[in-house]
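Please look through the sequence and the model below before reading on.

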Amino acid sequence: MKTAALLALAAATSTEAFAPQTTIHRPTSLTATSPNNNENSLTSQLTSLASLSILTSTLLLSPLPSHADGQTKDFKLPPIDYSDKSRCVLNSSKMGQANAARDKLYDLRECDLRGVKGNEYDLSGVIMTKTDVSNGQFKEAQFSKGYLRDSNFDGADFTNAIVDRASFKGSSLKGAVFKNAVLTATSFEGADVENADFTDAYIGDFDIR
C-alpha cells in the first residue's frame with residue numbers, strides 16, 4: 001500500500017512539472033486627459049501670445065524717449081584755456097555735422113564775436129557760454145549738438161540753418177531770425193525769444209523746450 005501511494009504522488013508531481021504555464025497579463029490602466037485640462041492649456045498659451053503682442057506694439061508705437069544733447073540738463077565742462085589766443089575764432093568742421101567731431105574741444109566760451117560772419121559754416125559741437133554773438137550771420141550754418149547757453153544771440157540770423165540737438169538754455173535771442181531753419185530736438189528753455197522770427201522753421205511736435 002505504501003509503495004502504491006508513493007508512486008501515485010510521484011506521478012502527480014511529474015505531471016505538474018511538465019504542465020504548460022499560464023501567464024496572466026494585467027490590463028494597463030490608461031489615464032485619460034480631461035478636456036478641461038486641454039482647454040486650460042490652450043487658453044494659457046493664447047493669453048501669453050496676446051500679452052507679448054501688446055508689449056511689442058507698445059514698444060513700437062511708444063518708444064522710450066532718447067535724450068538728445070538739446071534736452072540734457074547738466075554738463076560738466078572743462079576749464080577755459082585762456083592761454084589759447086586763437087580760441088575765439090570761428091572754425092568750420094570738415095567731419096560732418098551729424099557727428100560734431102573735432103580734433104579738440106571747440107570752445108568759444110566768453111568770446112566777443114559780435115557781428116561775426118559764419119554763413120555756411122559747420123559749427124557742430126561748439127560750446128558757448130557768456131559768449132556775445134549778437135548780430136552774427138549764420139545763414140545755412142550747422143549747429144548740430146551745439147552748447148549755446150547763457151549767451152547773447154540778439155539779432156543773429158539763422159536763416160536756413162540746421163540747429164539740431166542744440167541748447168539755447170538761458171540765452172538771449174531777441175530779434176533773432178530762424179526763417180526756414182531746422183530746429184529738431186533743440187531746447188529754448190529759459191531763453192528770451194522776444195520778437196524772434198520762426199517763419200517756416202521746422203519744429204518737431206515735442207522738440208522745442
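## Confidence in the model

What pLDDT does the protein average, and what share of the residues score at least 70? The average is 75, and 56% of the residues score at least 70, where pLDDT is the predictor's confidence in each residue, from 0 to 100. Over residues 1–34 the pLDDT is below 50, and this stretch has two contacts (heavy atoms within 4.5 Å) beyond near neighbours in sequence. Residues 55–68 also have a pLDDT below 50, with six such contacts in the model. Where pLDDT is low, the predicted coordinates should not be read in detail.

This is a predicted model, in which local features need pLDDT of at least 70 and side-chain atom pairs count only at pLDDT 80 or more, while totals for chains, interfaces and linings use all residues. Residues are numbered from 1 along each chain as its sequence is written, and side-chain values use heavy atoms, with hydrogens and water left out.

## The disulfide

A search of the whole structure finds one disulfide, defined as a pair of cysteine sulfur atoms within 2.5 Å. It joins Cys88 to Cys111, with an S to S distance of 1.9 Å, and because the torsion about the S-S bond is about -70°, this disulfide is left-handed.

Cys111 is buried (under 20% relative accessible area, with a 1.4 Å probe and protein chains only; exposed is over 50%, partly exposed in between) at 2%, whereas Cys88 is partly exposed at 32%.

Leaving aside neighbours within four places in sequence, Phe168 is in contact with residues including Leu148, Phe153, Phe158 and Phe178.
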